[in-house]
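Hi everyone, and thanks for coming. Let me put the sequence and the model on the screen, and then we can walk through them together.

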Amino acid sequence: MELNKQNFIQLINANRGTIRSLCQAYFRGDEDQKDAFQDIILQLWKSFESYEGRAAVNTWIYKVSLNTLLTKIRKEKKSVAAEPIDTGHYYISQAKADDHVELLSLILQSLKETDKALVILHLEGYQNKEIADILNLSPSNVSTRFNRLKNHLKLKFKPKPHETK
Amino acid sequence: MKLNDLKPAWQQRKLSHALSEIDAHEILSIIDSPPVAKKAQLPRLLFNLLLFIAITLVCQGG
């Protein structure tokens, strides 16, 4: 097997958690997730030779994966539709470690494609400027979207009423 | 609620998806095979070309 391919396989396996998590965040069905996964691998492979370590591996993986997912969704108009969480507020103060994972899933499900990418990149520790670069957005667009998002989350995920003083 | 509170949850989610390794053959089968869409393009192109020629001939009244 070519050295290039071996390196690529190693790199994909080292980042499999990220790639699978992204597919799951955007697609619900197993087949759709598998399809998205294959698209991402193919796009990563196509840009692998030109990558040459210019950016951090993590950043490159996120940039290619998220842009592949967003393009795929726009093209196919087929994704996990944003589900408004209007059935009541989630009480964050009750949350334990596992509940945070559940809460994260709820939040991601409630967001539209680009906002979902913003939140994921924020959770990964990227600054607004880096997020703008990864998603090909302007930094001001990212800031505006974040402010809107924070307000949305504040309204949806309030502390338990009797615990507020 | 602060979004930063969910950073460990995202890491946990990634970890849980990293448990099983991806088979090298699976990756190779993806990167070595041309996309299905491209494979299907040639017959469609030929069909459209033949159709165009046929229509052109008919419309010339020959």
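From the N terminus on, chain A runs α-α-α-α-α-α-α-α. That comes to eight helices and zero strands, where helices are DSSP runs of H or I with at least four residues, strands are runs of E with at least two, and both are numbered from the N terminus.

Some housekeeping before we go on. This is a predicted model, where local features need pLDDT of at least 70, side-chain atom pairs count only at pLDDT 80 or more, and totals for chains, interfaces and linings use all residues. Residues are numbered from 1 along each chain as its sequence is written, while chains are lettered from A and ligands numbered from 1 in the order in which they are written.

How confident is the predictor? The complex gets an ipTM of 0.81 and a pTM of 0.77. For single residues we have pLDDT, the predictor's confidence in each residue, from 0 to 100. Chain A averages 84, and 81% of its residues score at least 70. Please be careful with residues 84-88 of chain A, where the pLDDT is below 50 and the stretch has four contacts beyond near neighbours in sequence. Residues 91-95 of chain A are also below 50, and that stretch has twelve such contacts. By contact I mean two residues whose C-beta atoms, placed from the backbone, lie within 7 Å.

Let's stay with chain A. Of its 165 residues, 28% are buried. Buried means that 20 or more other C-beta atoms lie within 10 Å of the residue's own, exposed means 12 or fewer, and partly exposed is in between, with C-beta atoms placed from the backbone. Among the contacts in chain A with a separation of 6 or more, 65% are between residues 24 or more positions apart.

Now please look at helix H8 of chain A, residues 139-156, where A:Leu155 lies. Which residues of H8(A) are buried? They are A:Val142, A:Arg145 and A:Leu153. These three are on the same side of H8(A), because they cover an arc of only 70° around the axis, the arc being that of the directions from the helix axis to the C-beta atoms. Exposed residues on the other side of H8(A) include A:Ser140, A:Asn147, A:Lys154 and A:Leu155. A:Leu155 counts as exposed because it has 10 C-beta neighbours inside 10 Å.

On to chain B, which has three helices and zero strands. Buried residues make up 8% of its 62 residues. Its average pLDDT is 86, with 84% of the residues scoring at least 70. Within chain B, confidence is highest in H1(B), at 94, and lowest in helix H3 (residues 36-59), at a mean of 83.

Finally, how do the two chains meet? In the model, 21 residues of chain B are in contact with 26 residues of chain A. On the chain B side, helix H1 (7-17) and helix H2 (24-32) each supply at least two residues, and H1(B) gives the most, with nine. That side of chain B divides into 14 nonpolar, two polar and five charged residues. Here Ala, Val, Leu, Ile, Met, Phe, Trp, Tyr, Cys and Pro count as nonpolar, Asp, Glu, Lys and Arg as charged, and the others, Gly among them, as polar.
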